[in-house]
Amino acid sequence: MRQHGLAGEITGHDVLPETRQVALDIGLVDRVFDSAAGAVEGADLVILCAPVGAMGDIAAEIGPHLAPGATVTDVGSVKQAVIEAVGPHLPAHVHFIPGHPLAGTEHSGPRSGFATLFINRWWLLTPLDGTDPAALARLRGFLETLGANVEEMDPHRHDLVLAVVSHTPHLIAYTMVGVADHLRRVTHEEVIKYSASGFRDFTRIAASDPTMWRDVFLTNKEATLDILGRFTEELFILQRAIRMGDGDQLFDYFTRTRAIRRGIIEAGQDTAAPDFGRAVQPPEKQGKG
Ligand SMILES: NC(=O)C1=CN([C@@H]2O[C@H](COP(=O)(O)OP(=O)(O)OC[C@H]3O[C@@H](n4cnc5c(N)ncnc54)[C@H](O)[C@@H]3O)[C@@H](O)[C@H]2O)C=CC1
Ligand SMILES: O=C(O)C(=O)Cc1ccc(O)cc1
């Protein structure tokens, strides 16, 4: 926002005083407030960046302090639950436009942000019926200036899609690392030390913030359970193929999944690797995030 001159002043609040201090020290914000209400007073744009389970309480606190015509958005990984928790607390004179940037890392805290994070990443907006088109266009323009590719989506669909491409994969990573850790304990083997790159990717994901991911699964319960059910069915098919020595089935399955990956690359949609080349250093080089 600073690089593009998008805000006259950036104010912030976090429940933790030490986090407020870091945000101020590193220049992430111009001023911090010890209450969320103080931080939103007079703001044109309010962005809620807390765990999904905390959004409702924050909305209840800021509701009476929002300026008429302000836009309120959020970055929560789940959308229906945020809409249900936040919506009722906001006055009719503000524009509530829920959002979700598909960009981030396993790191948390104010030091983990970097200016290029959103470049060429999807930023999904799930506007409610009757959203003011001018406010929506303003927010879209703001996010596009940050480099994001903005798309609108129905919130229910968002939660299902994200359960497939993000939430369930995170759960699988957590589980796989848990299995390896259990094996290490019972066999006293150094399975983690010798982990190859696929497993390393799992350990990176499994290092993500426990509060954030607890809230994701508590609030996107239905979609995650649906996708987990489908995942388990596929797993059983592969398990059976291995047991039966059905090489053809395994080969065909893996050929199909390889084609999916290649399709993503050819469509130019593999934006998984953040472009750390510009502006700010990646979080792992900035010390503790
Ligand atoms: N980490 C990631 O890669 C991504 C995260 N998200 C979403 O963004 C949101 C924030 O996640 P991160 O920035 O990664 O987490 P973070 O842990 O870096 O920041 C969240 C902050 O919220 C504060 N907080 C918690 N409860 C609060 C309350 N009641 N009032 C005020 N502050 C409170 C915490 O102290 C913490 O500093 C979550 O909803 C998450 O689902 C969305 C896309 C990517
Ligand atoms: O670290 C990763 O690979 C991520 O997947 C980051 C991420 C986490 C949560 C989101 O809702 C969106 C992106």
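This is a predicted model: local features need pLDDT of at least 70, side-chain atom pairs count only at pLDDT 80 or more; totals for chains, interfaces and linings use all residues.
**Ground rules.** Local features need pLDDT of at least 70 and side-chain atom pairs count only at pLDDT 80 or more, while totals for chains, interfaces and linings use all residues. Residues are numbered from 1 along each chain as its sequence is written, and chains are lettered from A and ligands numbered from 1 in the order in which they are written.

**Ligand 1.** I looked up what surrounds ligand 1 and found 24 residues, the closest being Val15, Ala54, Ser77, Gly104 and Ser108 (near means a C-beta atom, placed from the backbone, within 6 Å). Elements giving two or more residues are α3 (55–62), β6 (99–101) and α8 (210–219) (DSSP runs numbered from the N terminus: helices are H or I, at least four residues, and strands are E, at least two). Where does ligand 1 lie relative to domain 1 and domain 2? Domain 1 (11–153) and domain 2 (157–266) both contribute to the shell, so ligand 1 lies between them; the bounds come from an automatic or database domain assignment.

**Sheet.** Next I checked an open sheet of 3 strands, ordered β3-β4-β5 with parallel pairing (two strands pair if DSSP finds at least two bridges between them). β3 (45–48) and β5 (95–96) are at the edges with a single partner strand each, so one side of each has no neighbour in the sheet. I found 4 bridges between β3 and β4 (residues 71–74); leucine 45 has threonine 71 as its bridge partner in β4.

**Ile62.** Finally, I looked at isoleucine 62: leaving aside neighbours within four places in sequence, it contacts Ala36, Ala37, Val40 and Val46 (contact means C-beta atoms, placed from the backbone, within 7 Å).

Methods: Two residues are in contact if their C-beta atoms, placed from the backbone, lie within 7 Å.
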